[in-house]
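Please walk me through the aromatic side chains of this model, stop by stop. I have the structure open in a viewer and want to know what to select next and what is there.

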Amino acid sequence: MALDGIMMRALCNELREALVGGRVEKVNQPERDEIVLNIHNKTGFRLLMSADPSHARVHITSSAKENPAVAPNFCMLLRKHLVASRITDVSQPGLERVLIIRFECRTELYDTVYKQLIIEVMGRYSNIIFTDGNGIIADAVKPVDFTTSSKRQILPGLRYELPPSQDKILLTQGFSPDFSSEKRGDKYLTETFLGFSPLLSRELVFRATGETDTPMNGFSQQEREKLINLLEGLYGASENGSRTPSLIFDGDKPLEYYCLPITQYGEGKDSHPETLSAAMDRFFAEKSAQEHSRRLGSDTHKLLTTHKERLCRKLEAQRAELADCEKSNIYRLYGDMIIAEMYRIGKGMDSAVLTDYTADPPEQKTVPLDARLTPSANAQRYYKMYKKAQTAIKILNKQIPEGEKELVYLDSVFDELSRAGTADDLRQIRAELAASGYVKAPAAAKGRKAPKKERFVPFTVVSPDGFTVMIGKNNVQNDEITTSIADKHDIWFHVKDYPGSHVVVVTDGRKPPDSTLDFAAHLAADNSGADSGAKVAVDYTEIRNVRKPGGSRPGMVIYDNYRTAYVVGKKNQF
């Protein structure tokens, strides 16, 4: 993890400079394992402490979360003791991933006492512990008893002890690494020095050799000297508290953050925020947003899958029922045969051999009977069965096409989901499903006005010939572009027989050249459910030939007077 002992030392120095002397104004616990202190020290700070196993950290944050209506007990304890207290020190024991914040508090009798918040950043063992000035535990976000750990308990009344020491050494000036080892250099450094993360070790080896996986015995003499100089420079930086915040992104994906420049990922991928807290705040905000998008996308995919499977089962049952109902003419025939030869049927018979006069030539058939009923009642029973089947046929002939249309619509939403690249895209898809009744729309807060509908701005690109091309990223956007924004003389494109984006070339009264039409056809193929690399048929026509049937689902249109282009999809999605 990036928040190693070296990073914690730099962060400790930064927080000490910002917070010491500050007064605690508020204490909140927005999450089960997260504490936020509002601190005033010439200016306001919001200090976030998290014991989340995946995102354990401590830093100043600019973001605010909604707090629960009822504060948890740990939060109430901190409010009782820390509100109006002053921060007197921020320290780190050795190079442990532990930060200790010391507070000067006043009792009800105005006596001065000291309290401590201890933040342990250790993955799934992370914790936030509240103690008195002598280290006696008052409570913790995650109490640890004998059933959880036999080596180290964290319970009220016990004395706080640091986590068990690791079998590693502190980085000192003049230390000479073992260059005879066959281990990879980064692994050797991580296993040897306390406070070294794999990221830092890889960076040191990369700066020394130009590679991240060089073994210790593979260092040249010059590279050995360079690594020793780097270690001494790192020791000096950690001792004097110098820091250069670094934030690494791969596109929009957050990769790493650290207190030193990171060069191993290449040029153009790092930025340097003003503070370590700013780097961490942005890193975790982006990471949380992406994880939220993944969860939202996963939840939406699961929801769609459930609806589609249920609909497929329903359609299969309806088609089977329709097939049975279409055999219902035999019921009417049985009824007619009973009426025609009722005199041949005796009381209590469970079947009768009667003549079918509709056959050419007439033939004998065995007609099943209900022995409890009279011949007339048996005939009426078959007529009722026939009438019921005919009614079912009418209903099923209406329901099955509706179900098939719904199946097409769900496939179109699956296609949207596969191409959703941002949290906004996912929210729009979720809103579309809510409007279509697949999910429950969030209820507006009582007494609060519903938010105004945002003005839709279509996603556009420009063709090589200078024509604006609009692309719908979901069914609602497709409807907006096609039915509201586009002019009747604009050119509309959509892949044939597959779900996909509506693509519209804005003509502005001009005739677009074939190269622009080909460009738009490729966009329609690429932003669709058609197979990549396959030859795809794309229909295109003027907007005036495209219509939306009344009551149809989002994105569904009909069109005529069209032409078809055949292109090879390359999946240039937007």
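Eleven aromatic pairs are present in this structure, which is a predicted model.

Select Phe193 and Phe196 to begin. Their ring centres are 5.0 Å apart and the planes meet at 35°; the pair is therefore tilted, since an angle under 30 degrees would count as stacked and one over 60 as edge-to-face. Colour the two residues by accessibility: Phe193 is buried, at a relative accessible area of 0%, and Phe196 is buried as well, at 4%.

Next, select Tyr409 and Tyr438. Here the planes lie at 25° and the ring centres 6.1 Å apart, so this pair is stacked. The two tyrosines come from distant parts of the chain, 29 residues apart. Tyr409 belongs to helix α8 (residues 375-419), whereas Tyr438 sits in the loop between α9 (423-435) and β15 (459-462). Tyr409 is buried, with a relative accessible area of 0%. Tyr438 has 10% relative accessibility and also counts as buried, because the cut-off for that class is under 20%.

Move on to Tyr257, Phe283 and Phe284. Ring pairs join these three residues into a cluster.

The last two stops place a charge over a ring. Select Lys473 together with Phe459: the charged end of the lysine sits over the phenylalanine ring, 5.3 Å from the ring centre. Then select Arg510 and Phe467, where the arginine lies over the face of the ring at 4.0 Å from its centre.

Note on methods. Residues are numbered from 1 along each chain as its sequence is written. This is a predicted model: local features need pLDDT of at least 70, side-chain atom pairs count only at pLDDT 80 or more; totals for chains, interfaces and linings use all residues. Side-chain values use heavy atoms; hydrogens and water are left out. Rings of Phe, Tyr and Trp (its six-membered ring) pair if their centres lie within 6.5 Å; planes under 30 degrees apart count as stacked, over 60 as edge-to-face and the rest as tilted. Buried means under 20% relative accessible area, exposed over 50%, partly exposed in between (1.4 Å probe, protein chains only). Helices (H or I, at least four residues) and strands (E, at least two) are DSSP runs, numbered from the N terminus. A charge sits over a ring if NZ of Lys or CZ of Arg is within 6 Å of the ring centre and within 35 degrees of the ring normal.
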